[in-house]
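What follows is a walk through one model, from its strands to its aromatic rings and its cores. Please keep the sequence and the 3D view open while reading.

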Amino acid sequence: MRRFNPVTLIFALRQPVTMLSRTARWLILAVVSAAPAAAQTIDDGSMMPKGTLIAGVFYSHDSWDQYWEGTLKRSNGNIGTLTTKSVTFVGGYSVTDRLALTASLPYIWTHASQGVLHDMSGVQDLALAAKFRLLSTGPSAHGELSAFVAGVAALPTSNYTPDFYPLSIGTAGRRAAGHLILDFESNSAWFANASASYMWCSNVRLNRSSYYTNGQLYLTNQVVMPNVVDYTLSAGVARGHWRVPISLVQQRTLGGGDIRRQDMPFVSNRMDFVKLDGGVMYALPKNVSISLGAGRVLTGRNVGQSTTFTSGLVYALHL
């Protein structure tokens, strides 16, 4: 899957920084090459207090044994179960109470349980993000409504190949995305959030002089990548040190062809999906937060029907 998150990041801890050890309760789950499972991400409605530094590490395990070849759902004896694991390191700093900066870098492993396709692994893409609170209604009789904008840019940090899907660890292309987020935090225990993003993708270079996709032969090593949009609706309960979100994510690829019958996926294929995510986040003493999450692809096109499990650990420090 091509969703940009990949890897985004830490905008947590709404309470005053002097109370971090008692009130830090939220955490990000970083899921590489998948929608964020129960994630405190760039699409959420939180903002770190000024001067807060956060560092964290996150683990993700994603697997599928059935996938959509275009709209045809099938299994493949040459793949068996495709497993993708990742460890992502993240860091963030709140420049002001309205502006936060973050960075993330994942290491990824892929493995097919059957057939002769060899495993792949390596450092993937460095993602840099900035998030800005546009406006807020402030506390009211019912709660607080806020609007945010965010920007993310990512670029490969190693010389991995994008021409070996589904084992490739990424697209090996530069990307940039813009996000718009609306968030409502009630005075009781519940919250709701809606976000939309648009991702621009640069061309990808293959290590060959021609390729065939979408019914056409291209005599070049340059692949034009389609742009991507996604939408997320989230709701949940936040009480004390606990936060329990549930999210529905839809990704739509603006172009690209389907996987050819009995062929391998191609880097510019259309990759669409709808995914349901859920999780639990809890704040421990000493400004440490932990979280667990799970997600399941409900329907898709040229993607695996994957199940994703995530876990993470974050430490916050006021400078």
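Tyrosine 282 is partly exposed, with a relative accessible area of 27%; buried means under 20%, exposed over 50% and partly exposed in between, using a 1.4 Å probe and protein chains only. The model is predicted, so local features need pLDDT of at least 70 and side-chain atom pairs count only at pLDDT 80 or more, while totals for chains, interfaces and linings use all residues. Residues are numbered from 1 along each chain as its sequence is written, and side-chain values use heavy atoms, with hydrogens and water left out.

The ring of tyrosine 282 forms a tilted aromatic pair with tryptophan 242, at 4.5 Å centre to centre and 45° between the planes. Rings of Phe, Tyr and Trp (its six-membered ring) pair if their centres lie within 6.5 Å; planes under 30 degrees apart count as stacked, over 60 as edge-to-face and the rest as tilted. Tryptophan 242 lies in strand 16 (residues 242-254) and tyrosine 282 in strand 17 (residues 272-284), so the pair ties together parts that are 40 residues apart in sequence. Strands here are DSSP runs (E, at least two residues), numbered from the N terminus. Tryptophan 242 is also partly exposed, at 45% relative accessible area.

In strand 4, valine 90 stands opposite glycine 56.

What about the interior? The largest nonpolar core has 18 residues, and Leu206, Val223, Met225, Phe266 and Val267 have the most contacts inside it. Such a core is a set of buried Ala, Val, Leu, Ile, Met, Phe, Trp, Tyr and Cys residues joined through side-chain atoms within 4.5 Å. Apart from that core lies another, of 16 residues, among them Met47, Ile54, Ala129 and Phe148. Phe266 also belongs to one aromatic cluster with Tyr211 and Tyr218.

How values were computed. Pairing = 2+ DSSP bridges. Helix = DSSP H or I, 4+ residues; strand = E, 2+ residues; numbered from the N terminus.
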